[in-house]
Amino acid sequence: MTMQTGTVLRDGVAEAAADVLVGGVQAAGELGLSRSEFARAVQLGIVRAGPRTLGGAARYARAELDRVRSAAGPPEALRERVETVAGAQAAAEVVGVGPSRFTRLARCGHVTPVGYRINRYRAVVWLYLTAELRGFAAREPGMLRGVAPPEDRELMAAGADLRPRKWRGRHVGLLLGRTADPWERAAVLASVLPEDELREAVPDPAERIVLAALAPPPPYGHPQVPAAAAVALRLLEAGTPDEIHWYRTSLDFALTGARDQSKSTGERGPT
């Protein structure tokens with residue numbers, strides 16, 4: 001009986017330890033990641049955040065950190081998954097091409113940025129996952145040499161740059177992957193619509209207040225300096241009419257589910 005009691009107690013201690021929540025700095029240290037590497041792991045869904053504090057700070061369950069360590073292996077393997085390079089020059093070196101060719105590949109949508117920085121000249125510096133660049137080079141060796149395909153030549157002649165749109169699509173997809181709540185999903189989609197489009201899509205002011213309250217924060221690395229932040233904010237907003245139409249259609253669908261939820265619960269907002 002004593003042994004059984006001891007086993008129960010040990011299991012209880014283990015469960016309690018697994019339920020312990022730690023802050024981002026401690027979680028990053030336990031996974032052997034820097035602050036920026038940890039933020040990227042959270043962004044990519046590799047590490048899942050637990051319940052937030054009353055002040056809104058993210059916390060991470062010990063069990064989640066154990067899961068990530070078990071799945072990722074040594075810290076070096078996890079760091080390789082979240083490693084990024086900044087700008088065309090560095091990305092081109094990873095792929096094995098010149099900066100101008102890489103810029104064309106990125107502008108034409110063959111590689112998708114994972115983040116951005118705004119430099120001191122208020123220019124956007126795109127960030128790319130090193131592992132994805134290596135994967136692209138291995139899959140598409142023909143894209144790294146020879147003449148550009150006709151589709152790319154047409155895009156470049158038109159001055160197209162798909163990097164912001166491709167990044168937005170990735171960003172929204174990752175945010176949607178973190179929640180199944182229809183109001184929170186609607187808020188993600190609403191957050192990338194221009195203000196006039198949002199007012200037209202959601203004429204009810206009360207619903208817009210809910211969506212604004214649930215809107216996701218700017219991504220990690222979003223600048224705080226007003227001039228740079230103004231540049232970055234343009235990256236968060238859908239641009240072309242067809243992109244805006246896609247997000248509006250998706251928002252309409254999400255709001256249908258959100259309103260149905262409110263009818264069943266009698267409350268507007270996430271359950």
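**Sheet, helix packing and pockets in a predicted model**

Strands β3 and β5 pair in the antiparallel sense over three bridges; helices (H or I, at least four residues) and strands (E, at least two) are DSSP runs numbered from the N terminus, and two strands pair if DSSP finds at least two bridges between them. The structure is a predicted model, in which local features need pLDDT of at least 70 and side-chain atom pairs count only at pLDDT 80 or more, while totals for chains, interfaces and linings use all residues. Residues are numbered from 1 along each chain as its sequence is written, and side-chain values use heavy atoms, with hydrogens and water left out.

β4 and β5 form a hairpin with five residues between them, and arginine 122 in the turn has a positive phi of about 65°. Together, three strands form an open sheet in the order β3-β5-β4, with antiparallel pairing. β3 and β4 stand at the edges with a single partner strand each, so one side of each is left without a neighbour in the sheet. On average, neighbouring strands of this sheet are turned by 25° against each other, direction ignored; axes are lines fitted to C-alpha atoms, for helices over the stretch in contact, and angles run from 0 to 180 degrees between N-to-C directions.

Helix α6 (residues 87–95) lies across β3 and β5 and runs at about 135° to β3. Against helix α7 (residues 99–107), α6 packs at an angle of about 95°, with the axes 8 Å apart. The helices α6 and α7 are therefore roughly perpendicular to each other; angles of 65 to 115 degrees count as such, those under 35 as roughly parallel, those over 145 as roughly antiparallel and the rest as oblique. The contact (heavy atoms within 4.5 Å) is made by Ala88, Gln89, Ala91, Ala92 and Val95 of α6 and by Pro99, Phe102 and Thr103 of α7. By class, the residues of this contact of α6 with α7 are six nonpolar, two polar and no charged. In this division Ala, Val, Leu, Ile, Met, Phe, Trp, Tyr, Cys and Pro count as nonpolar, Asp, Glu, Lys and Arg as charged, and the others, Gly among them, as polar.

Val172, Leu175 and Leu176 in α10 meet Arg185, Val188 and Leu189 in α11. Five nonpolar residues, no polar and one charged make up the contact of α10 with α11.

Pockets were located on a 1 Å grid over the protein atoms alone, a pocket being an open set of points where a 1.4 Å probe fits, with protein on both sides within 12 Å along at least five of seven lines; lining residues have an atom within 4 Å of a point. Grid points are joined across faces, edges and corners, and a volume is the space filled by probe spheres set on the points. The largest pocket has a volume of about 1,300 Å³. Its lining comprises 34 residues, of which Val42, Arg52, Ala58, Arg178 and Pro217 lie nearest the centre. Elements giving two or more residues to this lining are α2 (24–31), α3 (35–43), α10 (163–176) and α11 (182–190). The most is given by α3, with six residues. The lining of the largest pocket divides into 21 nonpolar, seven polar and six charged residues.

The second largest pocket holds about 250 Å³ of space. It is lined by 13 residues, of which Ser36, Arg40, Thr84, Leu127 and Tyr220 are the closest to its centre. Two or more residues of this lining come from each of α3, β3 (84–86) and β4 (115–118). The lining of the second largest pocket has six nonpolar, three polar and four charged residues.
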